[in-house]
Amino acid sequence: MKKFLDNIEKYIIYVVLTVLVTLMFGQVVARYVFGLAWGWMEQLTRLLFVYVTFAGMSYACRKSEHLRVSFLAEFLPGKYSRTILFLIGDILMVVVSAYLCYRIFNMMLLCYQQKQVFSGATFIPVWVMYLAGVLGMGGMAIRTLQFGIIPALRSFSGSTEESYGDKELSAKGTGE
């Protein structure tokens, strides 16, 4: 179960992309072979793309492959200066992500209360789209805490050999 939860974003991306490609292929075949066009299919594929995007944002934070400007960190003296700078950035990321999660959640509740549906796919409630934002931004906040802030704080206690910033920059795919 722990392995599943540690990789939940990856599994969501795999499943949703598979469904997305299958639906798009089906739409192309239906349109060009049989002359059928399903309006709801386009809306559904857009919705799935939103889910892939937000799951990818959370997954990038989990893998520490999100974009980060580290130019200033290259010139700072001291053993922990890079770690402190990245820690400040991660704290800001958690605050912004948590705030956006809260705001998107409120929007989702409003859409739910008003029983809004998509015009092209009336069987899909609009709040389902906002759920992707809540999960994505909440996931970013949690993963940044889990894989950014906590390791940085542990590096100050001397429990790791290299500081957080050095470890992250030496990792494959730092996103720089």
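Predicted model: local features only at pLDDT ≥ 70, side-chain atom pairs only at ≥ 80, totals over all residues.
Local features need pLDDT of at least 70, side-chain atom pairs count only at pLDDT 80 or more, and totals for chains, interfaces and linings use all residues. Residues are numbered from 1 along each chain as its sequence is written, and side-chain values use heavy atoms, with hydrogens and water left out.

Q: How many helices and strands does the protein have?
A: Elements are DSSP runs, numbered from the N terminus: helices are H or I of at least four residues, strands E of at least two. The order is α-α-α-α-α-α-α. The count is seven helices and zero strands.

Q: What distance separates the end C-alpha atoms of helix H2?
A: Helix H2 holds 25 residues, 8-32. The expected span is 1.5 Å times one less than the number of residues. That gives 36 Å, and the end C-alpha atoms agree, at 36 Å.

Q: Is glutamine 27 buried or exposed?
A: Glutamine 27 lies in helix H2. Buried means under 20% relative accessible area, exposed over 50%, partly exposed in between (1.4 Å probe, protein chains only). At 11% relative accessibility, glutamine 27 counts as buried.

Q: Which helices do the buried residues of H2 pack against?
A: The buried residues of H2 include Ile13, Leu20 and Gln27. Contact means heavy atoms within 4.5 Å. The partners are H1 (2-6), H3 (39-62) and H6 (127-156).

Q: Is phenylalanine 34 buried or exposed?
A: Phenylalanine 34 sits in the loop between H2 and H3. Its relative accessibility is 60%, so phenylalanine 34 counts as exposed.
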